[in-house]
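Hello,

Here is the structure we talked about. Please open it first, then read the notes below.

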Amino acid sequence: MDLWHEFHGPNAGYVLELYDRFRANPNSVDPATRAAFERWQPPAEGQPAVPSGEIIVPEADKVMATVNLATTIREYGHLAAHIDPLGLADPPGDPALHPSDHGLTEADLRALPASLIGGKPAEGATNALEAIARLREIYSTSIGYDYDHMRLPDERAWLREAAETRRFRPPNDPLDPRRLLEQLTKVEAFEHFLHRIFPGKTRFSVEGLDMMVPMLDIMLGESADAGIYAILIGMAHRGRLNILAHILHKPYTEILQEFRDTAGDEHPAREFLGWTGDVKYHAGASRSLTGKSPVDLVVTMVPNPSHLEHVNPVIAGMARAAGTHTEQPGRPYFDPQVVLPIVIHGDAAFPGQGIVAETLNLQRLRGYRVGGTIHIIANNQVGFTTSQWEGRSTLYASDLAKGFKVPIVHVNADDPEACVEVARLACAYRQKFATDFVIDLVGYRRYGHNEGDEPRFTQPRMYEAIDNHPTARKLWADELTKRGVVTPEESEQLFNSQIEALNHIYQSLPPEPPAALEPQLPPPPGGAARHARTDVPSELLVDLNAELLRLPTNFHLNKKLARTFDRRHDMFADPDAKTVDWATAEALAFATILADGTAIRLTGEDVERGTFSHRHAVLRDETSGAVYIPLQNLPQARAAFEVRNSPLSEAGTIGFEYGYSIQAPERLTIWEAQYGDFVNTAQAIIDEYLTSGNAKWELKSSLVLLLPHGYEGQGPDHSTGRLERFLQLAAEMNIRIANATTAAQYFHLLRRQAALLTTDPLPLIVMTPKSLLRNTKVYSSLRELAEGQWQPVIDDQQAAANRDAVRRIILCSGKIYIDMIADPRRVSQNALALVRIEQLYPLETEALTQVIDAYPNATEVVWLQEEPANAGAWDSISQRLQRLLNGKLPLQLIARPRRASPAEGTMSMHVQHQATLIDRAYELPDEVTIA
């Protein structure tokens, strides 16, 4: 067939452009192209093809075939690259990369001009064959440039130019070969020494991916030159100890002492500090580089648990916080040029863990941009024992990133100069375009998943090749010997000297653990939360309310929303009138916190409006769509306010906000779920970071989670914030858990959290209302906001008028209290005291004891909850209540029965069961039937 009909897009366009130039001025093209065009003209539209199977390539059409071949190599040359050091699993190639697939021979290419290839490879080449060979040298050797999915022309052009000019590759960009040999020697000697001195101890060796360490060192240098002042590294186990030693400069003495594992018995005080620590290959560290750049550069490796990829959003959140300026009121400003997040992934985890996709999705979102993350896939071509073809459906481990239009470069970990080039390329691309970049560093794993594992059971061929494969240090030393840079004796002496230095350090270790292993900070003094002041002058609240309702001139607010705002204008006419709803109390809390000088970041699912259309933190003009955010326009504010709708993600976004909160502990960081149940999918972040991060790694967070919670007949997935799970995780004063029942309580709870950010930081979990947002029984007065404080336990004021009459003390929390007081029996029932536990952890036992003791004739205490007996607070609080009561009064439960599913699926069933709970609570027989 006539190959003209096979060409389209830029290939045909390029040939036609040359042809048009030739027709206008034959001397404008080179002689070979001119000769070809003299014997050719484009086929007419609709020209028929020759019979199938017959390949006829007119001489001039070979011009287009050559252009098409060059384009194919540029786009798909990575499919023929030698990126596997072992030579066992290189990409499969592609027929389109061969001239014959385009109807070309070497003789044809030799007869055609190099200018058809274009770019740097064509410069100085005598013909197209030579230019094609240069192109293959770039795209199909130890680097595979995987860019065919990129859609933005300027990014594609920049990446192509960078690859083809090889401006980041030595010697174009100089490299000290001896220093690189010294780095690889330290990497290998460290692993060999640990393997010999501590045989069988788990360390997750970097061997097989040794160049990862020098690549990170290159990135540090490039960042210092670019004026970056914060580098944040997140990674899994593989190579972590080596990077801690040689990038973070964690002293060998500390690492070796941890391997000796003698640092436990001498320090029982750790138990009282709530510090349990973690295994050495989960640890983090920080290092400052002074004098390397115009500003000091701080490099931080964040601790990471065995949930390998869950550090990804944490790193991103930390980067966002580090680059965000919140000192001025209004909208915060993020500077992408001052931070660099680097995340090192496992090749099995990158396509296998969903949180990778959640985090990649954040990269271009306005509220989550970090200026681009450099991703390195530490690709040892096998999972624990799972081979590549068993663990992913894609050709490359990195293919997931293609969907997010992230450039990918595959590189052979045994080619040091190629690795250096790719590291520099990643930094330059990220600095220019402020988006992500993926390096697929393809190597191997010299031992099993850990050093005590036998990989030959499952990968015998691979490990036969590994056993006979020289190390990256040996390969580089041999290359430098060929170049005359070092002698074999020098390289071996360098290795032996490093082993001797490590041995000397080990022999010199003290018998006692070094002081650096001690917990850094004592716990905050007790009572800080109890003494936090949250009252606010009423005059300030009135002024702030007026400012929150003030709109720009000619701003057309939605008419329904305008009516809501109108009702708020004179809501404070009577300071004792209960006119303040939940949303207004929240807005006023935020306003006062900003007036105190504390910045706020509020994110979550539909958080700008609020799932239940209650917040309206972002207003939009009905006619123009213009946006106005009242909390960014307060004259009283002394810090920035940020509010962002999040993507429909929980693990990724909560991890992000957790990272933000630990990097910027002085800011109030809040995440809200669309429904409380949605927090389910973030369980690993909650378990590994939010509730245990301080005990394991001394990471202090004050992140607030707002989880809409309450049984209202909306089914199993819209009823519960999974209160029971947070209470199960509560220990050693690690979190605060609250379920407030009034707008004023919520106001003071938020203000208390802001007041404790730097003195007693703890995460705060709040079970927030849904239908109660507009229920007048939760409304509060101006006086309660202005003069009140947070109350962890609230006594029953009705019962307090006649304490001697009370026989049953009902303890409850949240919405069930509102259901109880809404019942008509509430008015006439004086034998029952309804006591609210607003703070479920830490439980204020002293205050609760005082309330219970105030009812001298009580005969029982009942815990009332709307959740099933195996959910809600019961399993956790019952143990504490039993200890508190100490047998003086029996403790009963009124709740839904234990259930596998948390709530009913129909409204009618819900109404029936809810009514049964209320009936049982108001019945006062000698014995209550326990659900």
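This is a predicted model: local features need pLDDT of at least 70, side-chain atom pairs count only at pLDDT 80 or more; totals for chains, interfaces and linings use all residues.

**Aromatic rings**

A search of the whole structure finds 19 aromatic pairs. Rings of Phe, Tyr and Trp (its six-membered ring) pair if their centres lie within 6.5 Å; planes under 30 degrees apart count as stacked, over 60 as edge-to-face and the rest as tilted. Take Trp 158 and Phe 168: the ring centres are 6.3 Å apart and the planes are at 45°, so this pair is tilted. Trp 158 lies in helix 6 (residues 153-165), while Phe 168 is in the loop between helix 6 and helix 7 (177-197), so the pair ties together parts 10 residues apart in sequence. Trp 158 and Phe 168 are both buried. Buried means under 20% relative accessible area, exposed over 50%, partly exposed in between (1.4 Å probe, protein chains only).

Tyr 429 and Phe 433 make another tilted pair, at 5.0 Å centre to centre and 40° between the planes. They are 4 residues apart in helix 16 (residues 416-433), which means about one helical turn separates them. Tyr 429 is buried, with a relative accessible area of 0%. Phe 433 is buried too, at 16%. Ring pairs link Trp 158, Phe 168, Tyr 429, Phe 433 and Phe 437 into a cluster.

Residues are numbered from 1 along each chain as its sequence is written, and side-chain values use heavy atoms, with hydrogens and water left out.

pLDDT is the predictor's confidence in each residue, from 0 to 100. The chain has a mean pLDDT of 90, and 91% of its residues reach 70 or more. Over residues 48-57, pLDDT stays under 50. Residues 263-274 also stay under 50.

**The sheet**

Helices (H or I, at least four residues) and strands (E, at least two) are DSSP runs, numbered from the N terminus. Two strands pair if DSSP finds at least two bridges between them. Here 7 strands form an open sheet in the order 15-12-16-17-19-18-24, with mixed pairing. Its edge strands are strand 15 (641-645) and strand 24 (839-841), each pairing on one side only. The twist averages 20° from one strand to the next.

Look at strand 16 (residues 668-672).

Strand 16 pairs in the parallel sense with strand 12 (residues 600-604), over 5 bridges. Arg 601 stands opposite Thr 669. Strand 16 also pairs in the parallel sense with strand 17 (residues 704-708), over 3 bridges. There, Glu 672 stands opposite Leu 706. Strand 18 (residues 736-738) and strand 19 (residues 764-768) run parallel, joined by 3 bridges. Ala 738 stands opposite Val 766 in strand 19.

**Charges over rings**

A charge sits over a ring if NZ of Lys or CZ of Arg is within 6 Å of the ring centre and within 35 degrees of the ring normal. The charged end of Arg 601 sits over the ring of Tyr 368, 5.3 Å from its centre. Arg 320 lies over the face of Phe 334, at 4.9 Å from the ring centre.

Best wishes

Key:
Contact means heavy atoms within 4.5 Å. Axes are lines fitted to C-alpha atoms, for helices over the stretch in contact, and angles run from 0 to 180 degrees between N-to-C directions.
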